[in-house]
Amino acid sequence: MITLEKRAGPSKVWAFATPLLAVALTMIVGGILFAVLGKDPFETIRTIFLDPLFSEFAWFYRPQLLIKGAPLVLIAIGLSFGFRAGVWNIGAEGQYIMGAICGAAVGLALYPMESRLIFPLMVLAGAFGGWAWAMVPGILRVKFGTNEILVSLMLVYVAEQMLASMALGAMRNPEGMGFPGSRNLAQYPSAANLELIKDSGMHWGIVAALIAVIFAYVTLSRHIFGFQVRLTGQSPRAAKFASVNPARMILICLGISGALAGMAGLFEVAGPAGQISIDFNVGYGFTAIIVAFLGRLHPIGILLAGGLMALTYIGGEIAQSNLGLPGAAIQLLQGMLLFFLLAVDVLTNYRIKFGKGGTV
Amino acid sequence: MTLKTLLAGATLALGFASGAFADAHQTKVGFVYVGPVGDGGWTYEHNQARLAVEAEFGDAVETVFVESVPEGPDAERVMSQMALGGADLIFTTSFGYMDPTINVAAKFPDVKFEHATGFKRADNVSTYSARFYEGRAVQGHIAGQMTTSNVIGYIGSFPIPEVVRGINAAYIHAKAVNPDVEFKIVWAYTWFDPAKEAEAASVLIEQGADVILQHTDSTAPQAAAQSAGNVVTFGQASDMAEFGPFPRVSSIIDNWAPYYIARTRAVMDGTWTSTDTWDGIGAGMVGIGEISSAVPAEIKASAEALRDSLADGSYHAFTGPVNKQDGSAWLADGETADDGTLAGMNFYVEGITGDVPQ
């Protein structure tokens, strides 16, 4: 008989091993799924996980991994502060949209002026937009005790409507022949978030993501604020005694995640996407939640998890176009990853015991 | 560059080559889809045309596709991937792929691109679209006579000229046969989202609509109408015959196969040039699905006559007198709309209530 026994404390070894185990299980079950779909499982797994890095066209895919991974990492880092402190910001997608709208608004308002100050201003406006949108659930929670999960999630849909209205109205390209969508910021030198080194994929968003990882690492491990965040998450009562102000903690955590999500939106709209369009957002804000948990809410873990998630997107597209794998199979694979992670997480807190039940 | 070559060589040696080397004689054609191939509508028909290309050329052509590609930077990557994978011709089948197509085409001057429903072209980018509004005219003609509540519901996707044009064409022809008709328009802001589409249909039915026209691609509105029992629908993009003879009484069918085959052949012959194609019922790009037995014979006959007059060019779906919504004159008596105005249409005609979202 197999029983589960609670560990005295979370296992350090398993805390590191479970994400790897989850990836391995995903590959195995994914492989079986692909075999059932009539594809060679080894070739498919190799295409998804290795081709973007090592194939003939890897020089094209590697920069794409950075472009796809950076917003995920940037948003997930922000979310990890709140998630550690028990502040559940589910609406990063909305903050991402609002950041893009506010940042793009600055750029579009100044068009066609050229100045080195425009892009930094846009970044600030983007961060402000995301921060302000996150403050809505924050203030409602602090003042009226509303549930920030629901409020932040619902505000995603409000932000989507705002986005549509901007693309169709205020920000519509006057030279766009009546079609929705703003001017292309990527074609406006002062506002463009272009590659810093040609063909490297490296744009300011990737730099920002790396800085955020380092900043988060230092804050969480070396700074009193990091200690307070962890304490609030583990034991809100103890945190109170340590004179942590819970309201302040909620606002700071939501503020950080909102600002980073807003910046991610700005870097995306000024670079790879180029314009405010009705369907500008493609779910980075939601996928980042998976990335944050897959990375154990640890900055380095999030960096790796963001890379892995980007890999499944890009490898998944290669598998679709080269092997004819259906798109839904890729989404299933990504879902499996989170599912297995949550499932094997039990090993961190419990020990599996084999043998007869009843022995105490 | 040397590093690149080195890496490529190394990966080859390791046997990691993706196997994307196309046969030198084989023409590779790529398709980028906005929805899943099983959407039963827009993407389904593009995929049918892809299969028709395969059937036509057999082993001389290889086709590849990626489905459910978001309109934005992801689309750009998918197209680049196809071009790198050796595609000679790439069909990008949604309006939102316009800028990505232009960007990628600039990087791959030897690859030919075909962008559906857009207006930006380049030396290696053609555009093509169908005059769906001709089909909408026939729908409006039937819908105006089938309604008893005089309320026709319309599920719009995005307020872009193509969709606004469809609403206007349907309204003008519904009004012509039923002066009391009223249009209720719901914008779904999606091309394909069964849940949202079903919700939009239910809202319209609750508001008294007994005919639902849709410019979204799933069959969800058909199912919603079926369960309501007394609501008429039309198939969109695809025949959706499984919902006939009622609620689906007719349909607009996109038939891309002849165009795709012709363009593939042009690439094979080396005669491909950048063009702008906008074909309607006459050229066979727009088909009117079988008008079902639920439609009275005289309505069916007049609808078919309308279809035939649109096909042979004796009648234009936008023929004056037509005023704009604000009452200002647009088309004088007997005047027909020019393609330029139609291509950028962002206003309603007189009689439609509500505003084009902006």
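Predicted model: local features only at pLDDT ≥ 70, side-chain atom pairs only at ≥ 80, totals over all residues.

Start at strand β8 of chain B, where B:Val211 and B:Leu213 point one way. B:Ile212 and B:Gln214 point the other way, and all of these residues are buried.

## The neighbours of β8(B)

Which way do β6(B) and β8(B) run relative to each other, parallel or antiparallel? They run parallel, and 4 bridges join them. To find one spot along this pairing, look for B:Ile155, which stands opposite B:Gln214 in β8(B).

β8(B) also pairs with β9(B): these two strands run parallel and are joined by 2 bridges. Here B:Ile212 stands opposite B:Thr233 in β9(B). To get from β8(B) to β9(B), the chain passes through helix α8(B), making a β-α-β crossover that is right-handed.

## The helix in the crossover

Helix α8 of chain B covers residues 220-228. Which of its residues are buried? They are B:Ala220, B:Pro221, B:Gln222, B:Ala224 and B:Ala225.

Just after α8(B) comes B:Gly229, which takes a positive phi of about 100 degrees.

## Stepping back: the domains of chain B

Now zoom out. Chain B is divided into domain 1 (25-130 + 256-279) and domain 2 (132-254 + 286-343). The centres of these two domains of chain B, taken over C-alpha atoms, are separated by 28 Å.

Where do they meet? In chain B, 16 residues of domain 1 are in contact with 16 residues of domain 2. On the domain 1 side, helix α2 (residues 42-57) of chain B gives the most, with 4 residues. That side of domain 1 of chain B divides into 8 nonpolar, 6 polar and 2 charged residues.

## The domains of chain A

Chain A is divided as well, into domain 1 (1-37 + 326-360) and domain 2 (63-324). Over C-alpha atoms, 29 Å separate the centres of these two domains of chain A.

How many residues of domain 1 of chain A are in contact with domain 2 of chain A? There are 10, and they touch 9 residues of domain 2. On the domain 1 side, α1 (12-36) and α14 (327-344) of chain A each supply at least two residues. The largest share, 7 residues, comes from α14(A). This side of domain 1 of chain A divides into 8 nonpolar, 2 polar and no charged residues.

How values were computed
Residues numbered from 1 in each chain as written. Chains lettered and ligands numbered in written order. Buried ≥ 20, exposed ≤ 12 C-beta atoms within 10 Å, placed from the backbone. Domains from an automatic or database assignment. Contact = placed C-beta atoms within 7 Å. Nonpolar A, V, L, I, M, F, W, Y, C, P; charged D, E, K, R; others polar. Pairing = 2+ DSSP bridges. Right-handed = clockwise from strand over helix to strand, strands pointing away.
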